[in-house]
Amino acid sequence: VGWFSVAGHHPRSRSLSPFFPLQMTRLETLGNQTMVTEFLFSVFPPLHQGGLLFFIPLLLAYGFIITGNLVIVIVVQLDMALHTPMYFFISVLSFLEVGYTTTTIPKMLSSLVNEQKTISLAGCLLQMYFFHSLGITEGCVLTAMAIDRYVAICSPLRYPTIMTPKLCTQLTAGSCLCGFLLVLPEIAWIATLPFCGPNRIQQIFCDFTPVLSLACTDTSLVVIVDAIHAVEIVASFLAIALSYVRIIVVILGMPSAEGRRKAFSTCAAHLAVFLLFFGSVAVMYLRFSATYSVFWDTAIAVSFVILAPFLNPIIYSLRNKDMKDAIRRFFCRRRRAGGVRG
């Protein structure tokens, strides 16, 4: 095992961008072939060439994502007024957002401030696994939320007997099981592929397409896997979309204007999060043979990894009176408790 410069020391290597003239990467010699054991993120500029300009906003965004979503989780757990299926699913979604962003953003922050902008092969596989597992779980939880709203508005009298705590727990457990099992075969397959250079990932995190493009073997099987993922995404989208179409039809048929307004207000936040999540997923993963420039690939990834999780706490807190009131009560109790201790 040795340390080699990426550029000029391997027959398949290419010169790096001006950002990384001296970047070193770890290679492992196996027989007559040099195997890559680390990947290099080539889209991050060095700290002295603009990296700090990206680091500070990203750090602030990450802090807001973690704080905002954890506040929602804690408030839903502590406030009895929010102990309903709708808020239970919102708290689950917020908890998933914390894990989802933590799989990618800390490594991005590290790459912006460190000269070594690398990730090990094992670290890359783990990042892909947890990123996609949590993403699929989120999609399933959004489907469960659509079912909850469908039952609440289309069958209000049967709602308490259908959406029981037991069913909510089962739907959440099923979402997690689905998310963490569906992506496992693909990760296991990628783990068996040889990577012998070049090793530059032209993306802000490890993802299937950028990583598979670096494998020095046939990866045409990925077309079948992509088709399966496309079917999963479209099926979830259609299930949720059809639920909301039915919900909107029922709401429009309500005789009371106040009833229509209240029903629309409870669904608006869910609909906004649904469109934000599946819109970014569709642009990111339903491109098939279409290719984008590195700039647009990065921009789409930023909206998918950072923008959507950043907006979710804002949507759920600003668009929901009950949530705003509960957050206000939570901080008032904290201030009173601090005053008593003082």
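Me: Which pair of atoms counts as a disulfide, and how many disulfides does a search of the whole structure find?

Reply: A disulfide is a pair of cysteine sulfur atoms within 2.5 Å, and a search of the whole structure finds 2 of them. One joins Cys124 to Cys206, with an S to S distance of 2.1 Å; the torsion about their S-S bond is about -120°, so this disulfide is left-handed.

Me: What should I know about the model and its numbering?

Reply: This is a predicted model, in which local features need pLDDT of at least 70 and side-chain atom pairs count only at pLDDT 80 or more, while totals for chains, interfaces and linings use all residues. Residues are numbered from 1 along each chain as its sequence is written, and side-chain values use heavy atoms, leaving out hydrogens and water.

Me: What is the mean pLDDT of the protein?

Reply: The pLDDT is the predictor's confidence in each residue, from 0 to 100; its mean for the protein is 84, and 87% of the residues reach 70 or more. Over residues 1-24 the pLDDT is below 50, although this stretch has 52 contacts (heavy atoms within 4.5 Å) beyond near neighbours in sequence. Where pLDDT is low, the predicted coordinates should not be read in detail.
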